[in-house]
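Visitor: I would like to learn how to read a structure like this one. Could you take me through it feature by feature?

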Amino acid sequence: MITQARSTLLFTTPIVKGFIQAKKGRQRRRAINFFWLGITGVVTVLALVPLFWIIGYVAVKGAPAINLAFFTELPQGMGSASGGVLNAIEGTVLLTVLSGLFAIPPGLLAAFYAVYHPNTWLGIALRFGADVLSGVPSIVIGLFGYALVVKPAGHFSALAGSIALAVLMLPIIIRTAEEMIKLVPKNLRAGALALGSPEWRAALQVTLPAAISGIMTGFLLGLARVSGETAPLLFTSLGNDRFEIGRLVQAGFRSGQSFPEILYNIIQQPVDSLPLTLYKYTQQPFPAQIQQAWGVALVLIVLILMFNIAARYWVSRQAAKNRG
Amino acid sequence: MQTISSTAGEVTSRELRQPQSPLVTIKGEPLPLTSSKFVLSDLAFYYGKVQALAGISITIPANHITAIIGPSGCGKSTLLRTLNRMNDLIPKTRIEGQVFLDGDDIYSPNVDVVDVRRRVGMVFQRPNPFPMSIYDNVSYGPRLYGVTKRADLDQIVEFSLQQAALWDEVKDKLTQSGMALSGGQQQRLCIARALAVEPDAILMDEPASALDPIATLKIEELMQTLKSSYTIVIVTHNMQQAARVSEFTAFMMIDQNRAGTLVEFGETAQIFTRPKNRQTEDYVTGRFG
């Protein structure tokens with residue numbers, strides 16, 4: 001019935017000719033489309049070139065320095081090609097973990113405050129402060145760490161370094177966590193409160209799990225960002241060729257120290273980090289150190305890449321889990 | 001002797017505190033005071049300087065379904081949220097008048113809001129299962145109130161899901177995420193979650209407006225089975241739904257000051273067939289709204 005009606009319409013409707021020069025216009029459109037599509041393709045490739053160039057160049061230059069000793073031994077002194085950068089790897093891990101511990105809990109609480117009380121003076125000040133803080137040069141934050149921790153304590157330390165890094169990380173965490181918490185339907189919090197839940201339990205058990213994938217991305221990106229920082233560490237953790245957590249733990253046990261005492265002792269040491277080592281080694285006249293510096297650069301890039309991949313993997317897995 | 005007199009005194013004072021609202025009748029018989037769940041007395045509500053509700057006095061009978069209908073923006077949801085103090089969450093709001101729940105003024109300063117919300121559960125317009133398993137969704141409430149034993153929780157979860165007519169559909173996948181269920185199942189999960197804390201009353205804010213007709217029907221059937229144990233107050237835009245499910249209907253409108261007021265309250269059959277008020281008649285017959 002419908003087909004019949006349609007075909008009737010088709011045969012009775014006069015076909016207008018000559019107003020739209022379909023063929024000519026089509027060719028022109030195709031040419032323009034092809035041209036601009038080509039331009040965007042070329043530009044995309046151009047934008048990717050530096051990225052792969054840097055990674056490829058560092059990989060090629062750094063690969064010869066990579067061997068087991070590179071990851072397991074301390075530096076053997078300037079001019080020596082043997083030995084590794086265990087001190088810097090352990091230092092970077094220690095600084096990153098500690099700074100995360102210092103920055104994540106207050107950052108998360110601040111984000112909740114900013115979302116739940118956006119129009120109070122404290123909420124406004126918090127968001128404004130986070131924006132300002134994210135624009136402060138990292139070397140200034142290093143100086144701040146020096147004045148706050150190093151000067152009163154009288155020595156450089158991992159503690160001072162990680163506090164400086166935590167300050168650097170704080171605005172990233174606050175702003176990403178705030179955005180992610182804002183995305184959680186208000187309905188969810190209302191549902192928990194309607195059951196008689198106190199605000200903190202609703203936030204911790206309902207809102208936080210709903211936002212956790214995004215918040216974790218923020219954490220990991222923040223950690224990745226600070227694990228590549230050099231400037232704030234120059235004034236705070238200084239560097240330490242002999243830093244080796246295993247040795248410090250052994251020495252601590254031998255002298256009968258308890259676990260918290262050993263931990264305290266470790267974070268009071270000046271520590272090295274990968275970016276600091278990279279900076280120091282490139283200042284040296286010895287080819288062995290230049291070679292090792294390339295190796296350090298490679299390890300650093302791979303480390304940060306791994307953080308990013310982990311963040312993305314986490315997000316996709318959590319999203320799948322919430323969908324069920 | 002002393003105990004008896006003090007108990008008697010308490011009852012008297014309770015009756016005195018609870019004001020007599022416009023008389024509610026069931027099939028012509030006045031409703032006994034004890035079978036009223038909520039009594040609202042000259043209630044007014046403000047969002048900042050804007051008055052949203054004015055002069056609302058109403059007695060909501062226990063163990064029945066009461067529907068609140070009226071055009072958009074007349075304060076239906078606001079009125080509903082005054083019944084479990086959910087409006088407390090909105091900053092700069094203010095309430096005048098009293099709301100009695102079983103004779104207790106829920107806005108008096110010595111009342112614990114947590115206790116009010118345990119006694120008066122709520123189901124929202126959009127299903128809002130928590131991002132956790134079905135089991136954890138239902139046991140969230142009981143855990144808040146200190147139930148920790150696994151066996152007890154198991155029992156509460158099963159009972160609540162059965163009451164919400166969801167048990168048969170989910171009993172084999174209690175550890176799955178509540179968000180993986182269909183919309184209608186999610187809404188019944190939210191009802192089970194509200195039932196798990198053993199409330200006296202359940203408030204429903206357009207519980208079926210985000211659902212398809214079959215899921216809506218299931219929710220409506222569920223309400224009929226629940227009303228023997230719970231007082232249900234439902235806000236709905238859908239007049240057919242109000243006529244189908246409720247036994248009492250409150251019709252609201254905005255007055256000349258743009259504040260929501262109660263126009264008429266009575267048995268649903270009477271409101272829809274023999275409304276006393278002209279505005280009610282115009283609304284239920286579809287002349288406006």
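Guide: Gladly! Let's begin with accessibility: a residue is called buried under 20% relative accessible area, exposed over 50%, and partly exposed in between. Keep in mind that this is a predicted model.

Visitor: Is B:D168 buried or exposed?

Guide: B:D168 has a relative accessible area of 63%, so it counts as exposed, being over 50%. Its side chain meets that of B:K171 in a salt bridge, 3.8 Å from N to O. B:K171 is partly exposed, at 39% relative accessibility.

Visitor: What is the general idea behind such pairs?

Guide: Side chains of opposite charge can pair when their charged atoms come close. Over all chains, a search of the whole structure finds 24 salt bridges.

Visitor: Which residue forms a salt bridge with B:R150?

Guide: That is B:D154, with the closest N and O atoms 3.7 Å apart. B:R150 is exposed at 52%, while B:D154 is partly exposed at 35%.

Visitor: How many salt bridges does the rule find across the interface of chain A and chain B?

Guide: The rule finds 0 there. It does find 4 residue pairs in polar contact across that interface, both residues at pLDDT 80 or more. On the chain A side, α8 (186-194), α9 (199-227) and α14 (287-323) each supply at least two residues. α8(A) gives the most, with 7 residues. By type, the residues on this side divide into 11 nonpolar, 7 polar and 3 charged.

Visitor: How much area do the two chains bury between them?

Guide: About 1800 Å², 65% of it on carbon and sulfur atoms. In terms of contacts, 21 residues of chain A touch 25 residues of chain B.

Visitor: What about cysteines and disulfides?

Guide: A disulfide is a covalent bond between the sulfur atoms of two cysteines. A search of the whole structure finds 0 disulfides over all chains. As for cysteine accessibility, B:C74 is buried at 2%, and B:C190 is buried at 3%.

Key
Residues numbered from 1 in each chain as written. Chains lettered and ligands numbered in written order. Predicted model: local features only at pLDDT ≥ 70, side-chain atom pairs only at ≥ 80, totals over all residues. Heavy atoms only, no water. Contact = heavy atoms within 4.5 Å. Buried area = accessible area lost by both parts, 1.4 Å probe. Salt bridge = Lys/Arg side-chain N within 4 Å of Asp/Glu carboxyl O. Polar contact = N/O pair within 3.5 Å; in protein donor to acceptor, adjacent residues only side chain to side chain. Helix = DSSP H or I, 4+ residues; strand = E, 2+ residues; numbered from the N terminus. Nonpolar A, V, L, I, M, F, W, Y, C, P; charged D, E, K, R; others polar. Disulfide = S-S within 2.5 Å. Buried < 20%, exposed > 50% of the residue type's maximum accessible area, 1.4 Å probe, protein only.
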